[in-house]
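Subject: Structure handover

Hello,

Here is the structure I said I would pass on. My notes on it follow below.

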Amino acid sequence: MVAASLMDTLAPAPTLRPPSAPAAASSAPGSGPAPAAETLIEIDHVDFFYGAVQALHDISLSIQDKKVTAFIGPSGCGKSTLLRCFNRMNDLIDGTRIAKGSIKIRGIDIHRPDVDVIELRKRVGMVFQKSNPFPKSIYENITYGLKLQGVSNKARLDEVVEKSLRGAALWEEVKDRLHTSGLGLSGGQQQRLCIARAIAVEPEIILMDEPCSALDPVATAKVEELIQTLRTRFTIVIVTHNMQQAARCSDKTAFFYMGKLIEYADTRNIFMNPANPQTEAYVSGRFG
Ligand SMILES: Nc1ncnc2c1ncn2[C@@H]1O[C@H](COP(=O)(O)OP(=O)(O)O)[C@@H](O)[C@H]1O
Ligand SMILES: [Mg+2]
């Protein structure tokens, strides 16, 4: 039996759907099953190694467009490793390789020789556990990526700064101090600044690796609220240690154990009616 408190935290069924899947049409009685959500990231039988050590075993998973997908599982089970595969951040670690399988984003294999990795990382932004603003002003943190892309028009940069900070629910708190250091913000504000920086380049996917684990409950609630607003514009994959957080924030949940994907399903099912006994043991707190 899954703890009642956890069931209480389950997110309500999402009401916002992509325009291609109108709720009324797909849920009308007698109209047949709802159309399948569109796959954005297709992971197909991936084996991943750090040197001789295999960290991911035969992972297959379809991540859906404009949904929040949570990765859960005990420490060391491969959540961050898989997340870093999506924008090829593991390429930066010596001795790593995908020995088998493929990862496609919108049907394109991200390891194809003609894929521009810089472009890929622009499309697939990342927010880390420890907020990492650059030691620069709030304004410069947001405009950094755009300037690298050659954008120099001040009006355009101003516009993106405001839009990104509003998008990260930080504008009201910092609009009068845009030219002060990002490092002067509180931990929760710094994490939202990192989210603003990630969305400034208009990515398609945002990867979040335990984005709240260094935050207090109030700051955590703000970031979770923010995820609820971002979900309409971006596809989000979030690694979390906190099962209540997965239950509150996500549409789909993948449970990993020792480098293997044990179960992947609608979040509601993972927490209330898991198919696999290992998933049930984990979500009911028997290990982890
Ligand atoms: N840079 C690295 N070099 C070698 N092994 C690593 C590295 N990062 C992670 N690992 C190993 O890969 C496995 C999966 O780790 P990780 O993806 O960080 O798990 P999680 O995010 O679920 O805690 C672990 O056994 C971990 O020790
Ligand atoms: Mg991790």
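Helices H5 and H6 cross in a right-handed way. Helices (H or I, at least four residues) and strands (E, at least two) are DSSP runs, numbered from the N terminus. A crossing is right-handed if the near helix is turned clockwise from the far one by less than a right angle, and left-handed if anticlockwise.

Before the rest, some ground rules. This is a predicted model, in which local features need pLDDT of at least 70 and side-chain atom pairs count only at pLDDT 80 or more, while totals for chains, interfaces and linings use all residues. Residues are numbered from 1 along each chain as its sequence is written, and chains are lettered from A and ligands numbered from 1 in the order in which they are written.

Confidence

pLDDT is the predictor's confidence in each residue, from 0 to 100. Its mean over the protein is 89, and 88% of the residues reach 70 or more. Over residues 11–30 pLDDT stays under 50. Where pLDDT is low, the predicted coordinates should not be read in detail.

Helix packing

Two packed helices are described by the angle between their axes and the distance between the axes. Axes are lines fitted to C-alpha atoms, for helices over the stretch in contact, and angles run from 0 to 180 degrees between N-to-C directions.

H5 (residues 138–148) packs on H6 at about 115°, with the axes 9 Å apart. H5 is therefore roughly perpendicular to H6 (65 to 115 degrees; under 35 is roughly parallel, over 145 roughly antiparallel, the rest oblique). In the contact (C-beta atoms, placed from the backbone, within 7 Å), Tyr-139, Ile-142, Thr-143 and Leu-146 of H5 meet Leu-157, Val-160, Val-161, Ser-164 and Leu-165 of H6. Seven of these residues are nonpolar, two polar and none charged. Here Ala, Val, Leu, Ile, Met, Phe, Trp, Tyr, Cys and Pro count as nonpolar, Asp, Glu, Lys and Arg as charged, and the others, Gly among them, as polar.

H6 (residues 154–167) also packs with H8 (residues 187–200), at about 125° and with axes 8 Å apart. The two are therefore oblique to each other. The residues in contact include Val-160 and Ser-164 of H6 and Ala-196 of H8.

Regards

How values were computed:
Contact = placed C-beta atoms within 7 Å.
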